[in-house]
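Visitor: I'm new to protein structures. Could you show me how to read one?
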Amino acid sequence: MRYHHLRFDIWLCLAVSVLISFLPVKIAEGMLPKAYEAYEKEHTVADGEIGGAAGGSVYRAESVKDLLSHETFTVVSPGIEYRNRGGGYYGNYFMQALTLPSGELVAACINGDSVQTTGEDFYRGDSILPVGRVVYEDLTENQTFLDQIQYKEKLSRTDFYVDMLGEGGRLSEEDYTELPKMLIQLGTVFVCFPLLHMLGSKLGIFPAFFVRKKKKASEWE
């Protein structure tokens, strides 16, 4: 087996580029919390709105018939059962296979931030899901999604889904800031590495990446 080792000059430029990248990342760490505050405010749903916490006046639906006969509603689910029947991605939404009290199974996108529990924690007692509404859509057009969400049991209806997300569904601060920091660091390394190596080559410290071949002298010269 043949092993290929990077030259010392490449390792050195990479190491220095990584060290340099810590500076813009550190600057970004000071700015991203404020950006997250604006993001969090934008994706926080008020109580009573679609995706928001359901108060006592919100209708408690128990069957598909209840869902279809009310403009807005909530569903009371035991413990975390609403997350135990499988799920899948439909476009940009992650949907759960939600079991209604009647035993019927429907697809629902749920804002976890607005789920309320009546017990000591999410594992005991009931979970009052966010305010929801029916969205008519032919789910059979996405077979991959159906295979994901129905891997345990088939949905009772595939001509609609329940929207309990609204404008909610915000990322945690850690998840929100991780990608920008990673992109900043990669971008800095990508820019600094060739510049450092080019500088070292011009100073005669490193060998050049590309050496121009000298043209052969013509016999007629």
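Guide: Let's go through this protein feature by feature, keeping in mind that the model is predicted.

Visitor: How many helices and strands does the protein have?
Guide: There are four helices and eight strands. Going along the sequence, they come in the pattern α-α-β-β-β-β-β-β-β-α-β-α.

Visitor: What holds strands together in a sheet?
Guide: Strands of a sheet pair through backbone hydrogen bonds, and the pairing can be parallel or antiparallel. Take strand 2 (residues 87-90) and strand 3 here: they run antiparallel and are joined by four bridges. Tyr89, for instance, has Phe94 in strand 3 as its bridge partner.

Visitor: Which residue takes a positive phi in the hairpin of strand 2 and strand 3?
Guide: That's Gly91, with a phi near 65 degrees; this hairpin has two residues between the strands.

Visitor: And how does strand 3 pair with strand 4?
Guide: Strand 3 pairs with strand 4 (residues 105-110) in the antiparallel sense, over four bridges. Gln96 stands opposite Ala108 in strand 4. The hairpin of strand 3 and strand 4 has five residues between the strands, and there Gly103 takes a positive phi near 100 degrees.

Visitor: Why is strand 3 said to be largely enclosed?
Guide: Count its buried residues: five of the seven in strand 3 (residues 93-99) are buried, so the rest of the structure largely encloses it. For the protein as a whole, buried residues make up 35% of the 221 residues.

Visitor: What is the order of the strands in the open sheet of three?
Guide: The order is 1-6-5, with antiparallel pairing. Strand 1 (76-78) and strand 5 (116-117) are at the edges with a single partner strand each, so one side of each has no neighbour in the sheet. Strand 5 is joined to strand 6 (residues 126-128) by two bridges, and Gln116 stands opposite Ile128 in strand 6.

How values were computed. Residues numbered from 1 in each chain as written. Predicted model: local features only at pLDDT ≥ 70, side-chain atom pairs only at ≥ 80, totals over all residues. Heavy atoms only, no water. Pairing = 2+ DSSP bridges. Buried < 20%, exposed > 50% of the residue type's maximum accessible area, 1.4 Å probe, protein only.
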